[in-house]
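User: I'm new to this structure and would like a close look at a single part of it. Could you walk me through it in plain words?

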Amino acid sequence: DATFMRRLCIDITGSLPAGDAVSKFLTDKDPNKRDKLIDQLLASPRYADYFANKWNSVLRNQRTTTSGKTVTFGFHKFVRDSMASNVPYTQFVRTLLTASGDARANPAANWFAQVSTPVTQAEDVAQLFLGLRIQCAHCHHHPYEKWNQDDYFGMTAFFSRVKRTNGKQKKDRSMIISHNPGAAKMRNPRTGKDVLPAGLDGEPLTIDPKQDPRVKLVEWMTAPENPFFAKALVNRYWRHFFGRGIVDPEDDMRVTNPPSNPELLAALEESFIKSN
């Protein structure tokens, strides 16, 4: 019990349990006390603090010459509030990837200020939210995966209409993110042909020029039948709690890097989807 409590507190809150809490837990005869402790820790402010720091790190929240502390702190608060209120993961990602407006008023838009080009945006989304490293397919067919350049630029095309404009305030200036109406597409430099937006292993989409392509990307990503989205998240969290992903590294889920326990990964993925 003592070891369980210590490890649980470190993994969920990033801190050691208080002495009086330890004494109370060790003398508790309730057979469900471990489940109750998990729920208690997940509902605590320390959980939100700890996981907000982890997510802010992978989402590249940092102060730059174009984003001052107001925007940086605002983005951190957006992530922390999402953790504290148990916002569904699909909703969290949708809010982040479709964010528009001044990053001061809509802190989620700060991600587009930090990750500034369609290429880096597509690569980050694939690696962080789908567990796939598609960078190699930028210049040639991926040597260890099935993705080719059209797959790569199909993902990039979802971000081809993102417009970034500097805020007017000189001090602590933020970025204004908006949809620039027009045909969503990206040029494949090897073939010289335009590539329409398409999810990995998905069909190319002809999107109304007035519609933001990012919305279609998130619809594809968060669909229950998406083969990458939920699997990448449960594998990332497994790595946090057990030190090694079922697929390791956790963001390199290619066919030539199979899971150590495919049945376990599939069961976790199914459970996560059913939980909404």
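Let's take the strands, and start with one spot: which residue in β3 does Asn-166 stand opposite? Please build out from there, and finish with a look at the aromatic rings.

Analyst: Happy to. Keep in mind that this is a predicted model. Asn-166 stands opposite Met-175 in β3. That pairing belongs to a set of five bridges that join strand β2, residues 162–166, to β3, with the two strands running antiparallel. Val-162 also has a residue facing it in β3, namely His-179.

Now for the other neighbour. Strand β1 is residues 101–102, and two bridges join it to β3, residues 175–179, again in an antiparallel arrangement. Here Asp-102 has Ile-176 as its bridge partner in β3.

On to the rings. Searching the whole structure turns up 15 aromatic pairs. Take Tyr-47 and Phe-51: their ring centres are 5.0 Å apart and their planes meet at 40°, so this pair counts as tilted. The cut-offs behind that word are simple: planes under 30 degrees apart are called stacked, over 60 edge-to-face, and the rest tilted. Both residues sit in helix α4, which covers residues 45–58, and they are four residues apart, or about one turn of the helix. Tyr-47 and Phe-51 are both buried.

Trp-55 is in α4 while Phe-92 is in helix α6, residues 89–97, so the pair ties together parts that are 37 residues apart in sequence. Trp-55 and Phe-92 are both buried too.

The charged end of Arg-34 sits over the ring of Phe-4, 4.2 Å from the ring's centre. Over the ring of Phe-112 you'll find the charged end of Arg-214, 4.8 Å from the centre of that ring.

Methods:
Residues numbered from 1 in each chain as written. Predicted model: local features only at pLDDT ≥ 70, side-chain atom pairs only at ≥ 80, totals over all residues. Heavy atoms only, no water. Pairing = 2+ DSSP bridges. Phe/Tyr/Trp six-rings, centres within 6.5 Å; stacked < 30°, edge-to-face > 60°. Buried < 20%, exposed > 50% of the residue type's maximum accessible area, 1.4 Å probe, protein only. Lys NZ or Arg CZ within 6 Å of the ring centre and 35° of its normal.
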